[in-house]
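Here's a quick tour of a fold for you. Have the sequence and the coordinates open while you read.

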Amino acid sequence: MTTYGAIPNDGKDDTEAIQRALNDHPTGNHIFYFPDGVYNVSGQIRYAGTEKRNILQGQSRDGTIIKLDDNSGLDTSVIWTGSPPAQRFRNSIRDLTVDIGRGNPNVNGIDFIANNQGLIRNVKIISRDGQGRIGLNLSIDENGPLLAKNIHVVGFDIGIQTWNPTASQTLENITLENQNQYGWKNFNQNVFVRGLQSTNEVTAVWNMPDGGSVFTLIDSELTGLGSASELPAIHNQKAMYVRQLRTSGYKQAILQNDKGRGNASQPDGYVREWIARGEFQSLFDSPQTMLNLPIKETPELPWHDLSDWVSPLAYGGNPNDGIDDTEAIQAAIDSGGKTVYLPNGVWDVNGTLELRGNVQRLIATEARIVGDGVIRVAQGTSPTVIIERVEAGSISIVHESDRTLIISSSIVNRYSSTQGNGGDVYIEDVGGGPWVFTNQNVWMRQINPETIHSPRITNDGGSLWILGYKTEDEGTLVKTINGGKTEVLGGLILNGRFADIPGFINIDSSLSYANVGFLTFSGGSIPIGVQETRNGVTLMTDQLPPYYTGYQQPTSSRQSENFLVSLWRSILRLFAMV
């Protein structure tokens with residue numbers, strides 16, 4: 001941005017310079033970089049061109065500040081990233097703060113839209129006087145799937161607003177403070193949330209009536225202050241699943257007010273697990289609760305000094321020339337550097353790239369990889385390796401080591417591990433597939449495998465946890481076999497005529513999911529929601545139940561349960577003899 005004249009900390013208006021940079025480089029997977037400092041703006045910053053493949057990147061969340069003038073008179077958002085239809089691929093905002101200053105009651109912090117693969121991450125949105133309409137506005141029509149992670153909103157009438165369906169929105173590690181009306185307002189959107197921290201005098205979450213509002217909320221804490229003692233922490237009027245929720249200072253943890261339907265409201269305090277309406281369905285005898293698989297945070301790899309960065313440009317590789325770059329990229333990998341980066345452009349890979357040696361990070365700086373090549377994750381000096389910001393829709397990833405693998409903000413063709421020796425896997429904001437995991441621990445946050453495969457994901461003997469699963473058309477979402485364990489927290493299937501293809505397949509394994517739904521604009525259907533086999537017996541559900549459990553209670557738990565039942569019966573017999 002500085003080359004366009006947006007100079008931080010000089011007190012001058014940077015609006016025109018920032019907008020000119022966006023206008024000159026629209027829709028090209030370009031990164032618009034803001035070094036630390038304060039950038040003064042007096043009007044709205046808008047994504048240009050076809051409003052996709054644009055990335056705003058700050059140096060750090062608290063150091064890079066886009067500051068709106070006080071009393072600006074603006075009645076829109078400070079940053080606007082696009083409008084429908086759902087074609088805003090790969091839009092992202094990372095590592096910065098938007099400050100709307102004072103005296104701007106009609107301003108939104110950020111209007112954000114992304115589709116299929118795109119995220120807003122490590123972003124703070126603040127109002128100095130608490131005024132403003134919406135901090136993070138995700139209520140653009142046809143918005144998602146997307147990931148919002150590590151978001152902090154201070155002030156505004158509404159901290160976050162989600163609105164209108166078509167896809168879904170996955171959010172993790174969200175902090176809301178000092179809103180005037182609601183911390184979070186959701187209408188007719190599929191929202192899957194983990195780690196919401198709210199400190200407010202108002203209701204933290206309003207899941208509104210009518211439409212198709214679906215809210216999944218786990219591992220969260222909602223703290224009420226002052227007048228919140230007369231309010232519910234959550235006001236629910238539609239579909240909702242809650243787990244591991246702690247509230248304090250509110251009249252109720254959950255007020256269930258869905259036209260007289262549904263399960264009981266919940267008192268202030270701790271809610272272990274709660275469904276707004278209905279209950280878990282099962283084909284065989286199963287505990288009526290989710291598997292509650294262990295959840296691990298995605299590892300954060302340190303950014304290396306620039307002396308440890310290497311590019312295939314130094315080894316004869318060049319983007320956009322149509323010549324195979326496999327050899328040049330492999331030479332960069334084998335050079336000893338810890339970060340290998342691909343400058344923006346199109347790179348041709350028709351051979352096998354082996355991630356080995358010292359490499360910890362393969363980052364594409366939003367570049368594209370084309371060809372029918374393979375990225376092979378081999379043994380290396382680091383126990384963890386990350387592939388990120390890669391658009392490689394025809395490239396396969398083969399995991400042939402016990403290294404932990406992170407795939408972030410990418411589009412890939414397919415993934416597989418070989419011989420069951422692949423290490424742990426973390427997936428964030430990724431499109432593509434199919435995926436085959438063998439005896440692995442896997443955590444997926446916002447996955448969008450749209451290409452038609454059946455199954456789209458196979459869990460062969462491992463542990464698979466998913467927060468936010470969106471797909472389109474027919475194809476089994478997850479097939480779990482050989483004693484695997486699969487848990488899905490929130491999913492949406494768009495369109496598709498599944499005929500005899502089950503939504504889920506569970507064979508002598510464990511499956512649980514919550515708030516998985518089907519939305520069609522073309523008359524599609526899923527006649528078989530779940531097909532489960534135990535000990536040679538196969539049963540199937542009619543349609544796709546929104547909540548499902550299919551797993552056997554551990555033997556020790558069954559024994560304890562049987563012991564308590566026997567003890568109680570013995571006590572009753574003693575009373576009968578008295």
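## Ground rules

This is a predicted model, where local features need pLDDT of at least 70, side-chain atom pairs count only at pLDDT 80 or more, and totals for chains, interfaces and linings use all residues. Residues are numbered from 1 along each chain as its sequence is written, and side-chain values use heavy atoms, with hydrogens and water left out.

## Overall build

The chain has 3 helices and 44 strands (DSSP runs numbered from the N terminus: H or I of at least four residues for helices, E of at least two for strands). Its radius of gyration, taken over C-alpha atoms, is 25 Å, close to the 25 Å of the globule rule for 578 residues, so the chain is as compact as a globular protein of that length. That rule is 2.2 Å times the number of residues to the power 0.38.

Buried residues make up 58% of the 578; buried means under 20% relative accessible area with a 1.4 Å probe, protein chains only.

## Two cores

A nonpolar core here is a set of buried Ala, Val, Leu, Ile, Met, Phe, Trp, Tyr and Cys residues joined through side-chain atoms within 4.5 Å. The largest has 62 residues, and Ile93, Ile110 and Trp184 have the most contacts inside it (contact: heavy atoms within 4.5 Å). A second, separate core of 54 residues includes Phe284 and Val488.

## Strand E42

Strand E42 (residues 528-534) is largely enclosed by the rest of the structure, because 6 of its 7 residues are buried. Strand E43 (residues 537-542) pairs antiparallel with E42 over 5 bridges (pairing takes at least two DSSP bridges), while E40 (residues 504-507) runs parallel to E42, joined by 4 bridges.

Conventions
Buried < 20%, exposed > 50% of the residue type's maximum accessible area, 1.4 Å probe, protein only.
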